[in-house]
Amino acid sequence: MSTSEESLAYGVIIVGGGPAGCSTALSILKTNRAVSLLLIDDADSEAFKIGESLPAEALNQTIRFLSPTLHAKVFEDISAGHHLKCTGNASAWSTPSVHETHSIMNPFGMGLHLDRARFDESMRQAVIEYSQTASKVKVKKGKAVQVDHDLAGRHRVTVQGSDSTETYSASWIIDATGRKASIARQFGAKPVKSDALLSFYALFYTSPTSAESDRDHRALIEASKNGWWYTSKLSENRRVVAYHTDDTDSTCKIARKLEGFLDLLRSDTFHINRIVEEHEYEIMGGYPKTTAANSTRLEPSHCFDEGAKWCAVGDAAMAFDPLSSQGMMTALRIGAVAGMTIGHKLRLEGVREGGDNGPWPPAPELQVAFDQVKVEYEKHKKYYYSVVDRFDGEFWSKRKN
């Protein structure tokens, strides 16, 4: 390997700089500070991203474990008003009345309604901070446009940046590319959908005075004839509202358009629409938008291949129905377990640039962790949809079988 090739060689390449990718990176570096790591990120750090719920368990267990500095930064942002505390979960689900679970009942405390762009950037900064003390850690802004292998069997990733294109190599490669699972596909795996759920979402804005009067900091869901709705209050006088239904449902065409979305909001919901109207929220420009919200899993059903030295984390491995509020928590938790596993294996393989930093934790059974999450998720998903019997449409009947 030439000197120039060595400068582009790493122990691990992670493709995707969202919560799953950053959690994996932080956990690898925490487990094995001697490993070299490249995190490739092409996210727009300014763009709004749906998926703003951070459960208290994830905040006060996983985030604190990954990086005390990151944990402190999140609380600084709470104090500055960038993230809002979630006071509980409320639902008009099996009945039209709202039933609540207050956060005071949670031993971990309050969860958060995140400014996702800010939170994701904080996670990337936590990885970057390691570059000040670790031998070779880098966050590269760019898009992975090609993945192949060299004669030695190392993964090669070509990254297109704003001003150059470079090819990096690594012993391990981690797919944190989200639902597209673009790296896993290179190894013959593909995401398989178990339903056809879509999310139509919009940001609403109101005046500072009206926002101050909106003291509802719950996560609120409301079942309707053809699907279900969700809302939560965000920072900067905003509120997110989302409608979930199947891609074959007749309301899809309606929900894609501004007036149709607002008409459905008024006709389908009582509690959510009342919040929007009482506090004079207006839909912001460019909305509604649409994103996939279906449950997916990789087939063949493995997300970790020690022989080929690749792993999928986050939505690339398993994507969840938003009803579960499990996506963020699982992305962080599985990323942490994956990082411990890979960091440990890299040490055993001798892929490092420094001496032993021991002691080293035992490598967890990563595939077992994936399988356990999948089983628990499917069980709870089936139960929560089954308790709604006040609607008899196709959306609900599909989920009771």
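Let's start with a sheet. Three strands form an open sheet in the order E3-E7-E4, and the pairing is antiparallel. Strand E3, residues 53–54, and strand E4, residues 84–86, are the edge strands, each pairing on one side only. A reminder before going on: this is a predicted model.

Look at one pairing in that sheet. E3 meets strand E7, residues 111–113, over two bridges in the antiparallel sense. Across from Leu 54 stands Leu 112 in E7.

Stay with Leu 54. What does Leu 54 touch, leaving out residues up to four places away in sequence? The contacts are Leu 59, Gly 111, Leu 112, Leu 114, Phe 119, Met 328 and Leu 332.

Next, helix H2. H2 covers residues 19–31, which makes 13 residues. From first C-alpha to last, H2 reaches 18 Å, close to the 18 Å expected at 1.5 Å a residue. Twelve of the 13 residues are buried, so H2 is largely enclosed by the rest of the structure. Among the buried ones are Pro 19, Cys 22, Leu 26 and Thr 31.

Now charges. Side chains of opposite charge can pair when their charged atoms come close. How many salt bridges are there? The count comes to 20.

Take three of them. Asp 41 bridges to Lys 141, with the closest N and O atoms 2.9 Å apart. Asp 41 sits in strand E2 and Lys 141 in strand E8, 100 residues apart. Asp 41 counts as buried because its relative accessibility is 3%, under the 20% cut-off. Lys 141 is partly exposed, at 46%. Both residues also belong to a network of salt bridges with Glu 121 and Arg 124.

The second bridge joins Arg 239 and Asp 214, at 3.0 Å from N to O. Arg 239 is in strand E16, and Asp 214 is in the loop between helix H7 and strand E14. Arg 239 and Asp 214 are buried.

Lys 398 is in helix H13, Asp 246 in strand E16, and 152 residues separate them. Is Lys 398 buried or partly exposed? Lys 398 is partly exposed, at 37%, whereas Asp 246 counts as buried, at 3%.

Key: Residues numbered from 1 in each chain as written. Predicted model: local features only at pLDDT ≥ 70, side-chain atom pairs only at ≥ 80, totals over all residues. Heavy atoms only, no water. Helix = DSSP H or I, 4+ residues; strand = E, 2+ residues; numbered from the N terminus. Expected span 1.5 Å × (residues − 1). Buried < 20%, exposed > 50% of the residue type's maximum accessible area, 1.4 Å probe, protein only. Contact = heavy atoms within 4.5 Å. Pairing = 2+ DSSP bridges. Salt bridge = Lys/Arg side-chain N within 4 Å of Asp/Glu carboxyl O.
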